[in-house]
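This briefing is meant to be read with the sequence and the structure side by side.

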Protein chains: 2
Amino acid sequence: MTMRLAPPKGMADVLPAEMALREWAQAVILNTYTDYGFTRIGTPAIEDAENLAGSEGGDNLNLIYQILKRGDKLAEAVGSGAQLWDLGLRYDLTLPLARFYAANREALPSPFKCVQIDRAYRAERPQKGRMRELTQCDIDILGDDSINAEAELIAVTAEALGGLGFTGFTARINDRRALRGTLLKFGFEEGQIASACVSFDKFDKIGAGGVADELSARNMPESAVAAFRAFMDAGDFSIGRVRALIGENAELDAVSGLIGELNAIGGGAWSAEYDLSLVRGQGYYTGMVFEMAYPGYGGSIAGGGRYDGMIGKFTGTPTPAVGFSIGFERIIDILREQNARPAQSKPKLAMLHEPGAPFREIFAEIQPLRGAYAVTAMPKPEKMGKLYKKLEREGYAFVRLPGEPVKPV
Amino acid sequence: MTMRLAPPKGMADVLPAEMALREWAQAVILNTYTDYGFTRIGTPAIEDAENLAGSEGGDNLNLIYQILKRGDKLAEAVGSGAQLWDLGLRYDLTLPLARFYAANREALPSPFKCVQIDRAYRAERPQKGRMRELTQCDIDILGDDSINAEAELIAVTAEALGGLGFTGFTARINDRRALRGTLLKFGFEEGQIASACVSFDKFDKIGAGGVADELSARNMPESAVAAFRAFMDAGDFSIGRVRALIGENAELDAVSGLIGELNAIGGGAWSAEYDLSLVRGQGYYTGMVFEMAYPGYGGSIAGGGRYDGMIGKFTGTPTPAVGFSIGFERIIDILREQNARPAQSKPKLAMLHEPGAPFREIFAEIQPLRGAYAVTAMPKPEKMGKLYKKLEREGYAFVRLPGEPVKPV
């Protein structure tokens, strides 16, 4: 039996130094969120296959880790050619939250403001800041249809990012309904909008020509494709341009007002702007969508939007819902590149004892020290020569030899 | 498409009150461990199928959630009748740690003392305190073959449990080698020891007769089964009885010394005792095994032992290793039954604003309050009558009406 040393593809071991960075960053984010009245909840990493299939997750549905049926169910499925899996790992925290809220809504306040910090799984091509096992930090407001909910999610997420030392980032904001109105204006038909959005979402990567080619290949109206292509080539995705195209519009007014509020709050440390080319891949969004873009970092560091339809799929009653998710792996990636160091926790102390000392004595000696230090007990080596080099290499700041006081390494 | 409200079988949603309890308990455990020089690390929840299969996990190997192969690999496997899965969810944190240490040992101190708090998965029959998705809190010492490693793991775990308010628990300790010696003495053959241990592990549930029946059914020597049955019927699993059977023995002396040290440290708040009937199910244990038994709670609340062979399966070089794992779900179960409440975090404040107030003003008003409170902004309702009932029900301790000072609800 050969054992494999490496973690599975796209997944990572976390060594002590990075773990300290992750714990610090998670605490900064969590404390910011709880200060604003968001309550932490938890959901399983596994969901029923039917729920995942019905979640309108866009491309993510192709990336689900599927868990094999067991026992008789598996034998039946293999025999009959039926689906081999009945559970899957979640690809984000939004579907589990919608199920959670639907199942527990009688016991929850309204509106319900919650935070989740947890893992999700996507079997995608691994790349910088994009892992197959990933942590997300989500805040959501359920049961509030006012635009203050969007404003709060974005302002509080900005504050969490600020607490991590991030600055100069931009909240890019769009509204799915304005995007739809624009595409209809170009001559696409209602039934083609979702498909056109999927292509437009790749605009950053494949350009105007790439998007137009995809649409033509799907037999969309030539005149619509041409008008859309000219619009993309012009590269003006501002709210003014969209207003000129589709006229005055309540959604655009709302986005415009939101952007004003957020820029006042950002005060120059970060900013908010309209961007019609912001699509967001998931099919479940129904209103505003938004991202945080960080200068010099391709791709967003946070993403979210309004998904007023998802809870209703569980309960039959539509419930307003909006969420914002920090891509924790990307944040950690940037913090690592910046050599960020978490605030110092207790310094490490190596407490040496005579070899063979009774453990009760060693343990008693640790007690008065462990308030101020993280104390590691170890036997005094026969040769002391290499000890200090080893202690320094292993990050010990202090040492205590038997019968002597604590001193710096 | 029907969406299912309940989490998958044996898994649970965690509501805000329980989440607060879990976060508190986890912090108590983690802080205790880091005070004693244990460093936190992380590993993926997914492992390669080969590693899981080769991990000597005993019965747990039958409980693995198996992840379906993807794309061409799946098609090939279905076509050829080969194994359908190439990844699986881990059933504990020990195999991932052994792989982690083997892969990263050049970068780690020696001995390496680490803590993991993370999830594992077992597709077993759910019951009280036994979930299919479960959190474990593990400490391990790698690279130390002295008995001080066992002593430290047990003493520090006892201190973590004490920090959670647990008292009166017992560390039950055995040594696999003493158990083997005893079984050989009864007349079992070397090749039957592992199988006899699997049955003896069920002694608590199926009794002496049940164990004997299983052994007979496996055609073990009748005289050995009879001698073992008489021993079980007598019910004396003390170290004195074992010494009388197999004679003086270095392992028993070591266990006896360890128990003395631990009882001195426990000082009556908790205790340690020898118990030959303690087996522990995993096949990977090579020396001492131990559990924490809590009065009135069937089954253990923590379990561990020495597994000197596992890292060598990855590296080819045997490395001493010993670990102790708190069953976090059982701990939470007991704390819930005891109505334990975590230390108070920031009190909840409802900050009411005039409906339609600009968000920047609402946000500015939150700032000076959020040092002392967890602040939830909400519009002032049209009818104030039901407000206070709602705030009380939702756990708000304070309220601030527009233009008024903060006051208790």
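In chain A, residue A:N339 sits in the loop that runs between α13 (328-337) and β12 (348-353). The model shown here is a predicted one, and in it A:N339 has a positive phi of about 55° although this residue is not a glycine. As a rule, most residues other than glycine have a negative phi, and most peptide bonds are trans.

**Cis peptide bonds**

- In chain A, the bond between A:S110 and A:P111 is a cis peptide bond, with an omega of about -5°, and A:P111 belongs to the loop between α4 (94-104) and β5 (112-121) of that chain.
- In chain B, a cis peptide bond joins B:S110 and B:P111, here with an omega of about 0°, and B:P111 is found in the loop between α4 (94-104) and β5 (112-121) of chain B.

**The eight-stranded sheet of chain A**

- Strands of a sheet pair through backbone hydrogen bonds, and they can do so in either a parallel or an antiparallel way.
- Eight strands of chain A form an open sheet with mixed pairing, and their order across the sheet is β1-β5-β6-β11-β10-β9-β7-β8.
- The edges of this sheet are held by β1 (39-40) and β8 (271-274) of chain A, and because each of them has a single partner strand, one side of each is left without a neighbour in the sheet.
- Within the sheet, strand β10 (residues 297-306) and strand β11 (residues 321-327) of chain A pair in the antiparallel sense over five bridges, and A:G305 has A:G323 of β11(A) as its bridge partner.

**The four-stranded sheet of chain A**

- Another open sheet in chain A consists of four strands in the order β13-β12-β14-β15, and its pairing is also mixed.
- Its edge strands are β13 (374-379) and β15 (407-408) of chain A, each of which pairs on one side only.
- Strand β12(A) pairs with strand β14 (residues 398-400) of chain A in the parallel sense over three bridges, and the bridge partner of A:A350 in β14(A) is A:V399.

**Salt bridges**

- Side chains of opposite charge can pair when their charged atoms come close.
- Over all chains, a search of the whole structure finds 69 salt bridges.
- One of them is formed by the side chains of A:K313 and A:E56, at 3.5 Å from N to O.
- This pair links distant parts of the chain, for A:K313 lies in helix α12 (residues 310-315) of chain A while A:E56 lies in the loop between α2 (49-53) and β3 (66-68), 257 residues apart.

**Where chain B meets chain A**

- The contact takes 99 residues from chain B and 99 residues from chain A, and the two chains bury about 8,100 Å² between them, of which 59% is on carbon and sulfur atoms.
- Between chain B and chain A there are 16 salt bridges, including one in which the side chains of B:E261 and A:R360 meet at 3.3 Å, N to O.
- There are also 48 residue pairs in polar contact between the two chains, and the side of chain B that touches chain A has 57 nonpolar, 18 polar and 24 charged residues.

**How the two copies are related**

- Chain B can be laid on chain A with an RMSD of 0.0 Å by a turn of 180° and a shift of 0.0 Å along the axis, and the two copies are therefore related as by a two-fold rotation axis.
- Of the residues of chain B, B:I67 comes closest to this rotation axis, with its C-alpha at 2.2 Å.
- Since 100% of the interface residues of chain B are also interface residues in chain A, the copies meet through the same surface.

Notes: Residues numbered from 1 in each chain as written. Chains lettered and ligands numbered in written order. Predicted model: local features only at pLDDT ≥ 70, side-chain atom pairs only at ≥ 80, totals over all residues. Heavy atoms only, no water. Contact = heavy atoms within 4.5 Å. Buried area = accessible area lost by both parts, 1.4 Å probe. Salt bridge = Lys/Arg side-chain N within 4 Å of Asp/Glu carboxyl O. Polar contact = N/O pair within 3.5 Å; in protein donor to acceptor, adjacent residues only side chain to side chain. Nonpolar A, V, L, I, M, F, W, Y, C, P; charged D, E, K, R; others polar. Least-squares fit on C-alpha atoms with pLDDT ≥ 70 in both. Pairing = 2+ DSSP bridges. Helix = DSSP H or I, 4+ residues; strand = E, 2+ residues; numbered from the N terminus.
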